[in-house]
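Please read them with the structure open.

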Amino acid sequence: MPSASPQHVTQLLADWSHGEDAALRELTPLVYEELRRLAHHYVGGQRPDHTLQTTALVNEAYLRLADQTNPSWKNRAHFFAVAARAMRQIVVDYARSQQSQKRGGGLLRIELDEAAIVSPAESKEIVDLHEALERLATLDSRKAQVVELKYFGGLNYDEMAEVLKISRVTVRRDWEFARLWLYTELHDMT
């Protein structure tokens with residue numbers, strides 16, 4: 001498995017942003033493994049009976065990221081923050097399509113491997129979490145971003161602070177507040 005310093009990845013992202021296709025080819029194995037690690041981190045937090053497929057999630061997120069025509073990556077942390085958002089959206093879209101199918105509604109076209117990404121039982125929980133995050137974003141968008149970066153992206157406090165351009169202590173406080181707020185919000189729904 002290839003490894004590279006965060007600075008080297010940031011430089012490759014900058015080169016790719018400036019149209020150097022060779023940088024994307026060198027970058028791909030480096031970020032792909034990191035994306036797998038992040039997706040595995042997310043999948044590891046699910047119930048034991050979930051059907052979330054790490055590879056399907058990573059492949060779809062990577063395709064969305066690599067398909068951008070004029071990317072403008074600031075650094076490695078920014079790239080993985082965008083990847084976290086892409087993974088979240090993929091999971092939410094799929095969960096919504098599962099709920100829609102369950103109710104006999106129209107189908108959403110989701111490009112994933114043949115394996116299912118979320119079980120029907122998890123669909124409601126994922127959509128509820130997404131909707132709670134959307135409500136939190138209307139109250140405090142930064143706290144919602146912290147949750148997204150930590151939960152979906154697996155970023156640590158230092159990486160989140162770099163992406164959001166705030167202190168590590170502020171990130172930690174935002175995380176603690178958001179976690180408690182989401183817990184209360186989700187448990188009040190039941």
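1. Ser 5 lies in the segment before α1; helices here are DSSP runs of H or I of at least four residues, and strands are runs of E of at least two, numbered from the N terminus. With a relative accessible area of 34%, Ser 5 is partly exposed, where buried means under 20%, exposed over 50% and partly exposed in between (1.4 Å probe, protein chains only). Its C-alpha atom is separated by 9.8 Å from that of Leu 30, 25 residues apart along the chain.

2. On provenance: this is a predicted model, in which local features need pLDDT of at least 70 and side-chain atom pairs count only at pLDDT 80 or more, while totals for chains, interfaces and linings use all residues. Residues are numbered from 1 along each chain as its sequence is written, and side-chain values use heavy atoms, with hydrogens and water left out.

3. The largest nonpolar core has 51 residues; such a core is a set of buried Ala, Val, Leu, Ile, Met, Phe, Trp, Tyr and Cys residues joined through side-chain atoms within 4.5 Å. At least two of its residues come from each of α1 (6-17), α2 (21-44), α3 (54-66), α4 (76-102), α5 (120-139), α6 (141-152), α7 (157-164) and α8 (168-188). The largest share, 11 residues, is supplied by α4.

4. Phe 79 is among the residues with the most contacts inside the core, as are Trp 16 and Leu 35. Neighbours within four places in sequence aside, Phe 79 is in contact (heavy atoms within 4.5 Å) with Leu 13, Trp 16, Val 31, Leu 65 and Trp 73.

5. How do α6 and α7 cross? Their axes come within 10 Å and cross at roughly 135°, the axes being lines fitted to C-alpha atoms over the stretch in contact, with angles from 0 to 180 degrees between N-to-C directions. α6 is therefore oblique to α7, since angles under 35 degrees count as roughly parallel, over 145 as roughly antiparallel, 65 to 115 as roughly perpendicular and the rest as oblique. From α6, the contact involves Arg 142, Gln 145, Val 146, Leu 149 and Lys 150; from α7, Met 160, Val 163 and Leu 164.

6. Glu 159 is in helix α7 and counts as buried, at 17% relative accessibility.

7. Lys 165, in the loop between α7 and α8, is not a glycine but has a positive phi of about 60°. Lys 165 counts as exposed, at 65% relative accessibility.
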